[in-house]
Amino acid sequence: MGSMLALNMCEHTGEKIAGYELDAAKGAAAKAKAEAEGFGGVFEAFSDVAAFVGALKAPRRIVLLVPAGKPVDACLASLRPLLAPGDCVMDGGNEWFENTERRAAAYAEAGIHYLGCGVSGGAEGARRGPSLMVGGPAAAWALMKPTLEKICATGPGGAPCLGYFGAGGAGNYVKMVHNGIEYGDMQLIGEAFALLTSTSVCAGDAARTSGACAAIFDAWNGGPLKSFLVEITGGILKKLDGDGAPLVDRVLDSCGSKGTGKWTVKEAAEQGVPAGTIAAALEARYLSSLKATRGALAAAAKPAAPAPARALAAATLENALLCAKICSYAQGLALLAAASESHGWAVNVPDVLACWQGGCIIRAALLVDFRAAFEASPGLENLLLAPPIAAMLEARVADWRAVVGLAVATGVPVPALSASLAYYDSLRSAVLPSASMIQAQRDCFGGHTYKRRDREGTCTTDWLH
């Protein structure tokens, strides 16, 4: 991503760009790539950090794109003695927001600016225009903004997909939540694919091939589900192996993760914000890695009763996927609002949604509707409370229930579709008897007290006598 972002800068900023790479061979490759694209005269690669810093004009603006954690600290340790007050370092990695705040405080003591910037879009996005989510000192933002505006993606109407969300690690936090929503969205799409191709749900010849699924995802991408992830899913399903078989059918069913999904779930718990879809998606990845255990249980288990020999209607599943996807976004946006308040940031949800409308992995047509909902009702507590969104869900919830019910009856795991539905049903329940019982249990065994529905005050009861 570093070399791709450098090429983006070469093309759009009108400035000379210096790149630093520990591996001289990789630096030479980046230089050759720049020359091949016609930017040889404006790009120079260095493998010596002092020479690299010396090539920059003051105030120096340095963008880091290295793995999070210790590699960032090592890079900063080599840069620090060479920088001067007024210089600016911006970390563009997926970093834990508290690490950014620690580093910013240390650099501020020397008068050096430090920003944390979430960069979404992968290598292709870095080259063609990423979504950029920035947090840190306002003075540093003012220094970097003119350059970032030139290299970021654009959304509907040409608006830059670039946002400044406040001090400290706010930008990293927004990107973390972006990735949490991404986890949920990817799991939901995976579950939809599993249902379309399941011989339990669609017995016998009614189950779709990967090629048939590609046509369905392509069609979905022309409707309300239009999004980058749905688009690439259609493309993935068309990819054939050397012998002509669908390549996706040969990909090992064991998922990896790099930590941002776990961070999002951890932060949701810390903030007291329900994020069941994101948590279910994270746990689904963990479950997928238990390949041997799953194989042993599958060999011993009796299969669930198959559904009637008919295909699950694509339109029914489309409605279920749309509803569940909305819930994944709702959870992430609620977490952002809560964290912004508790940390004293300036995370404005419409600005976040504008930032996500182009370049990033979770860009989707729905974001236009989400942004309009929050702009129409400033301070909206939850996306699902917006009348247009509530109506969208209510019109499709019967199909959603049918899909989840069919999956449960036939033994096809749909943890994220189910978690989204549970989230929706919990939020639309004026009374939750399960919560009443839990409060009574807590008071019974621990004397934790409870409140009553019929009068004010705090109570405790000797429940068993």
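Here are some notes on this predicted model, point by point.

1. Ground rules. Numbering starts from 1 along each chain as its sequence is written, and side-chain values use heavy atoms, with hydrogens and water left out. As this is a predicted model, local features need pLDDT of at least 70 and side-chain atom pairs count only at pLDDT 80 or more, while totals for chains, interfaces and linings use all residues.

2. Domains. The chain is assigned domain 1 (1–164), domain 2 (176–428) and domain 3 (432–464); the bounds come from an automatic or database domain assignment. Between the C-alpha centres of domain 1 and domain 2 there are 32 Å.

3. The interface of domain 1 and domain 2. On the domain 1 side 19 residues are in contact with 18 residues of domain 2 (contact means heavy atoms within 4.5 Å). About 1,300 Å² is buried between these two domains, 68% of it on carbon and sulfur atoms; buried area is the accessible area (1.4 Å probe) that two parts lose on being put together, summed over both. How many salt bridges does the rule find across this interface? The count is 0, where a salt bridge is a side-chain nitrogen of Lys or Arg within 4 Å of a carboxyl oxygen of Asp or Glu.

4. For the terms: helices (H or I, at least four residues) and strands (E, at least two) are DSSP runs, numbered from the N terminus, and two strands pair if DSSP finds at least two bridges between them.

5. Strand 4 (residues 88–91) and strand 5 (residues 113–120) run parallel and are joined by 4 bridges; Cys 88 has His 113 in strand 5 as its bridge partner.

6. Val 72. This residue is found in helix 4 (residues 70–79) and counts as buried, at 0% relative accessibility. The cut-offs are under 20% relative accessible area for buried, over 50% for exposed, and partly exposed in between (1.4 Å probe, protein chains only). Not counting residues up to four places away in sequence, Val 72 touches several residues, including Leu 64, Asp 91 and Tyr 114.

7. Ser 328. Buried or exposed? Ser 328 is buried, with 0% relative accessibility, and is found in helix 14 (residues 314–343). Leaving aside neighbours within four places in sequence, its contacts include Ile 181, Asp 185 and Thr 277.

8. Backbone spots to look at. Most residues other than glycine have a negative phi, and most peptide bonds are trans. Ala 58 and Pro 59 are joined by a cis peptide bond, with omega about -10 degrees; Pro 59 is in the loop between helix 3 (49–54) and strand 3. Thr 449 has a positive phi, near 70 degrees, and lies in the loop between helix 20 (433–446) and strand 8 (450–451). Thr 449 is partly exposed, with a relative accessible area of 29%.
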